[in-house]
Each structure stands twice: as structure tokens, then as C-alpha cells.
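Reader: I am new to this structure and would like a close look at one part of it. Please take the packing around a single residue and then widen the view from there.

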Amino acid sequence: MIEASPSGDAANFTFAPLSPEFARDPHPTYRALREKEGLHYFADFDIWLASRFEDVSAIVMDKRMVRSLEDIATVEELAKLQRDANWHDMPHHERFVQFSLLDSDGAVHDRLRKQVFKLFTPAMIAKLRDQIQAYVDRLIDSLADRGEIDFVDDLAAHVPGHIIGRLLGVPDEDCPQLRIWSENIVQFFDVDRSDARKEIAERNTTEFYEYLTALKAERERAPKDDLISVLIEAELSGAMNFDEFISTCMLILMAGHGSTIDVLGSGMHALLRFPEQMARLRNEPGLIQTGVQEMFRYESPLPFFHRHCVEDVEICGRRFERGTKFGLLYGAANRDPKQFDNADTFDIGRTPNRHLAFGGGVHFCLGNHLARLDMDIIFSTLLRRFPTIELVDREPEYKRGLSVRGPKKLKIALRHA
Amino acid sequence: MPKIVFIDADGTTREVQAEIGQSLMSAAVQNGIDAIAAECGGSCACGTCHCYIDGEWVERLPSPEFQEQDMIECVVNPNERSRLSCQITVSAELDGLVVHLPAGQY
């Protein structure tokens with residue numbers, strides 16, 4: 001089935017990524033951007049946006065494109081950028097959130113990524129299958145007779161944080177608090193940079209830091225088979241310092257929450273919007289892996305990332321100065337008809353499906369296999385247990401912003417017959 | 001153009017023409033070898049372009065560097081013939097290279 005969206009007007013359109021219209025459906029805008037020549041300059045963010053698959057993948061693979069401005073801008077320029085973003089005067093946020101594995105490059109990035117990579121490989125993640133299944137079974141048992149649920153709040157929101165918490169070594173009962181801290185810190189990245197949100201982000205970063213410091217001390221006394229204990233070893237061996245330890249734990253917990261919840265929500269919404277695809281998945285449960293891949297392509301949960309060039313570069317026939325900021329619109333690239341046949345069609349059997357939802361290059365999403373396994377288990381279990389799943393609210397509201405994509409709530413009915 | 005032979009886990013054999021200077025991974029992806037997922041695009045960051053090098057070709061290829069060795073430990077079913085295809089550059093000397101593909105990358 002092809003989604004009925006109006007064709008974008010390439011010459012004349014408004015790019016308003018914080019608008020309710022964009023939240024409702026960003027794809028007409030993405031289409032219009034793809035049809036424009038070259039990159040699109042978005043003055044509000046002082047950024048050049050790439051939307052075609054070819055351009056986005058070229059930038060993401062380009063070794064001259066980095067995340068951090070550290071080696072490009074002067075100390076004064078960095079301080080000004082930080083003030084402009086309202087990211088100044090927040091000491092713990094600056095220490096543990098503004099610096100991270102995600103926002104480092106080169107040797108520092110390689111060293112930090114190496115400390116955690118092995119725990120996120122397919123073989124390691126596959127070992128979690130039974131405990132994720134057991135957790136999901138219990139959660140669904142508790143919801144099974146309610147008839148109607150909010151798929152986002154009642155189900156999706158509980159799973160990724162719980163599992164990433166266990167992997168890291170956080171006690172189960174603390175996971176809900178960690179989710180609140182994570183969401184409050186992540187929200188300050190995008191939509192609302194007000195002083196009120198800033199105060200919450202800094203306070204929650206401080207609480208998060210104090211919590212992790214205490215947990216670290218506990219594991220130092222009695223190590224366990226968890227990621228915190230692995231990172232303690234890394235610190236002892238000199239492979240990371242204390243701030244990097246805290247920052248890496250926070251990043252893993254934050255990255256392990258929101259985006260998987262969002263793509264669970266949009267993936268379920270897609271299955272309900274295109275019931276023939278849900279029926280196909282019921283009849284052929286073996287399609288779950290390609291189905292999950294397609295959910296990531298169809299509504300990429302983190303549709304926007306940035307890079308800076310460390311030297312002058314030429315893209316689409318235009319020269320850009322060292323330090324220029326580029327926006328990578330993964331959500332647009334993943335619907336590019338030059339890369340994907342029937343790009344607006346949700347096809348759970350699509351193969352190959354070389355999408356960019358996990359990014360690319362050295363910053364390729366570390367937790368991708370875990371996210372996919374969470375989704376595999378949740379969707380497979382729901383389809384197995386409920387012969388009928390229906391959308392209750394026909395027009396669920398999606399989150400606002402350029403950096404996120406997912407429904408705020410998704411009211412669904414689960415029926416035993 | 002050097003010829004590369006890819007053999008699927010089920011035994012299906014396909015020959016492709018590769019360009020000198022491109023990676024073995026790119027040659028596979030461009031020629032529709034779907035068993036090479038290569039999700040990170042060739043940065044030795046995902047371990048999904050894993051393949052097994054046939055017979056005596058193992059010794060004829062330059063040895064894997066440290067980062068590739070590290071990553072090979074993390075792929076599904078590694079053995080002494082395992083390589084990451086994104087780290088192998090096609091050259092005239094590789095004409096006739098035979099590459100076995102794994103049953104899956106996850």
C-alpha cells in the first residue's frame with residue numbers, strides 16, 4: 001500500500017521542523033527537500049541539510065566530517081556556541097552530557113567505543129533473548145485483560161530501559177527513575193532550551209551522576225557480571241578516566257531509552273495503518289527481522305544528526321568552509337526513491353534494506369542489535385497472543401522536533417479473539 | 001577488472017567484476033550480494049560485512065590490522081578464515097579471489 005501524501009513543491013515550501021504539521025507528517029517536507037538542488041540552508045540552526053540518500057551517506061562516511069567542534073573552533077568560539085545554545089553554566093551537564101562517546105572523534109572516540117563495543121555485538125545481545133522474553137511475557141500478562149492500552153506508556157516505555165539497565169547493572173527497581181532522568185536530559189537537546197528545562201536537565205544530570213557514583217562504589221566492592229563492572233576494569237587499566245566512565249554509563253542509558261520506545265510506537269502504528277502487513281507478519285513470523293528493519297526505515301526514530309567538516313569540502317558542486325555544520329536527515333534519506341523501490345510503501349519483507357536509521361561510519365549505533373531484539377520479541381509476542389490488535393485513536397499525536405520521531409501515545413485494543 | 005567469486009552459505013556461486021581500489025565489501029554490495037550487510041558502510045564499526053576467505057587466498061591477503069582483528073572476535077561464528085570485507089582492498093593480485101559468505105551477520 002502506498003501512503004497518500006501530497007507531492008512536495010520543490011521550489012516553494014516552508015521548513016518548520018518544530019511545527020505541529022511537521023510532527024504530524026514530515027515526509028512531504030522531506031520529499032520537497034530531496035527535490036531541491038544541492039543542500040538546503042536552514043538559518044535557524046546555521047546548518048546545511050542533506051536529505052538525499054546519496055548525499056547523507058557520503059557525508060556520514062566522510063572522514064573529514066566529525067561530531068565535535070573541539071579541533072575546529074577556538075576556545076572563545078566554543079564558549080559563544082555554548083552560550084547561544086543555552087548550554088553554559090551547567091557544570092555536571094557540561095562534564096558528563098556535553099562530553100561523550102557520541103560527541104568525541106578520532107582516537108578518544110575509538111578508545112571509548114572499544115571499551116563497550118564487545119558487549120553490544122550480535123552474539124552477546126542474543127544471550128539476552130530469554131530474559132527479555134520473560135520480562136515481556138510478564139508485562140503483557142499484566143495488561144492482557146485490560147482490553148485497551150496505551151502501547152507507548154503501558155508497554156513500549158518499560159522494556160528498553162529495563163533491559164539496558166540490567167545490561168549495565170542497575171537494579172530493576174531503579175529503572176523507572178533512570179528513565180525519568182534520561183528523558184529530562186534528552187529533551188533539553190532539542191525542542192525546549194528554556195531556562196526552566198535547563199534547570200531540570202542540570203539537576204537531573206547531577207542526581208544521575210550521584211546515583212552512578214554510588215553504584216560504582218558498590219560494584220568496586222563486589223563486582224558482578226555487568227557492564228558497570230567491565231567499565232570499572234577499563235578505568236583501573238587506564239583506558240578511561242572517571243568522567244568518561246560516568247559519561248559513558250549515562251550515554252548508554254539515555255540512548256537505550258527513548259529512540260527504541262519511539263520506533264516501537266511508530267512500528268506498531270505502521271502495522272495498524274497497513275493491516276495487510278500485520279496479517280502477513282502473523283502468517284509468516286519469520287519475517288520479523290526484515291519487518292523490524294522496515295520499521296526503522298519507514299519512521300526513523302532519530303531522523304536528524306549533525307557533523308562538522310574539519311577542512312574545506314565540496315558537496316553537490318558547492319564549496320563549504322572548514323567548520324561548516326551539516327544536518328543529516330536520515331528520515332528523508334530513508335524514503336529516497338532513488339535508493340528504495342516504492343519508498344513510501346511499508347513492506348515488512350523488504351530486502352535488501354540498506355537504510356541509514358542507525359547512522360553510519362564510526363558513530364554507527366552501538367545498541368542497534370539490542371533495539372532490534374527488543375522489538376522482535378515485543379511484536380512477535382503480541383501477535384502470537386492476540387488474534388486481534390486494533391487502533392483505537394485513529395490520529396495519534398507524534399512528538400514535535402527535528403531530532404525525534406515517534407507517537408506520544410498509541411491507544412490500541414488487544415483482543416483474545 | 002579482477003573477478004571475485006562469492007559462494008553463499010547454501011552453495012550458490014556468483015562471480016562479480018570488482019574495481020581495483022574499491023573494498024571487497026563495496027564490490028559485494030554493488031553487485032547485490034545481500035549476505036554482506038555492511039551496515040556501518042565500511043568503517044570497521046559494525047562487524048556485519050563478515051566473510052570467510054577460501055583456501056590459500058588467506059595467506060595471499062595482507063593480514064588484518066589490530067582494529068579488524070578486534071572486531072572479528074565479535075562476529076557470529078568466526079574462524080581462522082574470517083575477515084571483514086570492508087577492510088580488504090581489491091587489487092589486480094586478487095583476480096579470482098574466492099569468498100565464502102556466512103549464513104547470517106546477526
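Author: Leaving aside residues up to four places away in sequence, Tyr330(A) touches Val56(A), Ser300(A), Leu302(A), Pro303(A), Phe304(A), Phe305(A), Leu356(A) and Ala357(A), where contact means that C-beta atoms, placed from the backbone, lie within 7 Å. This is a predicted model, in which local features need pLDDT of at least 70 and side-chain atom pairs count only at pLDDT 80 or more, while totals for chains, interfaces and linings use all residues. Residues are numbered from 1 along each chain as its sequence is written, and chains are lettered from A and ligands numbered from 1 in the order in which they are written.

Tyr330(A) also belongs to the largest nonpolar core, of 101 residues, and is among the members that touch the most others, as are Val56(A), Leu168(A), Cys249(A), Met250(A), Leu328(A) and Leu329(A). Such a core is a set of buried Ala, Val, Leu, Ile, Met, Phe, Trp, Tyr and Cys residues joined through C-beta atoms within 7 Å, buried meaning that 20 or more other C-beta atoms lie within 10 Å of a residue's own. Helix 14 (residues 242-255) of chain A gives this core its largest share, nine residues, a helix being a DSSP run of H or I with at least four residues, numbered from the N terminus. Apart from this core lies another, of 25 residues, including Leu24(B), Ala28(B), Ile36(B) and Leu94(B).

Turning to the two chains, 12 residues of chain B are in contact with 16 residues of chain A. On the chain B side, six of these residues are nonpolar, four polar and two charged, with Ala, Val, Leu, Ile, Met, Phe, Trp, Tyr, Cys and Pro counted as nonpolar, Asp, Glu, Lys and Arg as charged, and the others, Gly among them, as polar.

Methods:
Buried ≥ 20, exposed ≤ 12 C-beta atoms within 10 Å, placed from the backbone. Helix = DSSP H or I, 4+ residues; strand = E, 2+ residues; numbered from the N terminus.
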